[in-house]
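Please open the model in a viewer and keep the selection panel at hand.

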Amino acid sequence: MISKILATPEAALADIHDGATIMIGGFGNAGMPAQLIDALIGQGARQLTIVNNNAGNGDTGLAALIKARRVKKMICSFPRQADSWHFDGQYRAGEIELELVPQGTLAERIRAAGAGIGAFFTPTAYGTRLAEGKETRRIGGRDYVLEYPIHADYALIKADRADRWGNLVYRKTARNFGPIMASAARCTVAQVREVVELGALGPEEIVTPGIFVQRVVRVPASASLDKAA
Amino acid sequence: MKKLDRNQIAARVARDIPEGAYVNLGIGLPTLVANHIPKGREIILHSENGVLGIGPRPAPGQEDEDLINAGKEPVTLLPGGSYFHHSDSFGMIRGGHIDFCVLGAFQVSAAGDLANWHTGESDAIPAVGGAMDLAAGAKKVLVMMEHVTKSGGSKIVERCSYPLTGVACVNRIYTDLAVIDVRPDGLHVVEMVDGLSFEELQRLTGAPLKLGTAAAKAA
């Protein structure tokens, strides 16, 4: 019988190696897999390349991973925030590398990896410093920039409910990068609020089919989520 | 002359957004536009983190950490609203499905180049978010900003000195002094605030202006 359900975040992340590329879902705190990130900090892998829209907020989650000096490189669209002090400090000291990518290009590079696309042309960033050194082409009278996919060893994402096949549904705008990151990683680990019986998620309702998900860990909802639900 | 305040600029932008439009409002000043959509006019607000049909701010205590906009502020969803992942969201933007986006700016050039993501300072931490996608992809890019900087320099310039967000992408500029269209032959003044002459507006603007017919009539 197939079961992708693992007992703990620690068990789900045990094999992550130094130097891995890891996609972490979430936009701000919505969809950020906080317990998986805590387990990654505990697991100890170093020299990581992290793909996320931001570069951590405050002192928890991704910010705590950066604070623990596990991150060699960030690939993101919006690192600078009022409370991104751990990234800011290491960036200014030259201790962390940054690949800044327009948000839509970041999303499409992730999607392209999951969909087996070798590269694509996008109009975004043409004529700006973020396109410097990149191949361009005029197609149908419009200028485009060539962009390559971003593949990952692992994706750590947060969903609302899962079944033992790894089918996922999300909650509101916490969906954000989850479905595309799940497709782009060799091993996708989803932390979910609830695991339900196979068949309980309607086939018309499943957002990420289990083919994109290798491991599922149930993390009980926080008090705030209980209240909101 | 009576300069417009931020809410008055937002109300002026809102007047130009028609029934049925799909609209993305940038972080900061542009979010004010949502408060000024005329009553009874139905428009659909998009946010690039993956939501269409954004409603008013939630009442205190009703915030949901899973329902936010691109500025990471709590929002609500209207009946008919929907959620989708980031690639779909930016497909809507890049694919030309968003009718209007409203963005703030550091500078706009006479050719409609936009600079709004980076001041160019060497120690600044660069952050671009979705600005370049919106500039490249929305059908109409509207800029909303103060006409001059705090030190009195024009934000409308011959050529942007700050790093660009997009090339020749701005369609219309709304400031506290005027509404200006960017057309292939240059900048056309559509409206000026009461008590401002075209000559004075030109003196405050770092690129040549043309006086549009409507504005000329009003003056």
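The stops below take chain B as a whole and then a sheet in chain A.

This is a predicted model, in which local features need pLDDT of at least 70 and side-chain atom pairs count only at pLDDT 80 or more, while totals for chains, interfaces and linings use all residues. Residues are numbered from 1 along each chain as its sequence is written, and chains are lettered from A and ligands numbered from 1 in the order in which they are written.

**Chain B**

Select chain B, whose secondary structure comprises 5 helices and 13 strands (DSSP runs, H or I of at least four residues for helices and E of at least two for strands, numbered from the N terminus). Its C-alpha atoms occupy a box of roughly 50 × 45 × 30 Å along the principal axes. Of its 219 residues, 44% are buried (20 or more other C-beta atoms within 10 Å of the residue's own, with C-beta atoms placed from the backbone).

**The sheet in chain A**

Next, select strands S6, S7 and S8 of chain A, which form an open antiparallel sheet in the order S6-S8-S7. Its edge strands are S6(A) (120–122) and S7(A) (136–139), each pairing on one side only (pairing requires at least two DSSP bridges between two strands).

Now display S8(A), residues 142–147, alongside S7(A): 4 bridges join these antiparallel strands. Which residue of S8(A) is the bridge partner of Arg137(A)? The partner is Tyr144(A).

Technical notes: A residue is buried if 20 or more other C-beta atoms lie within 10 Å of its own, exposed if 12 or fewer, and partly exposed in between; C-beta atoms are placed from the backbone.
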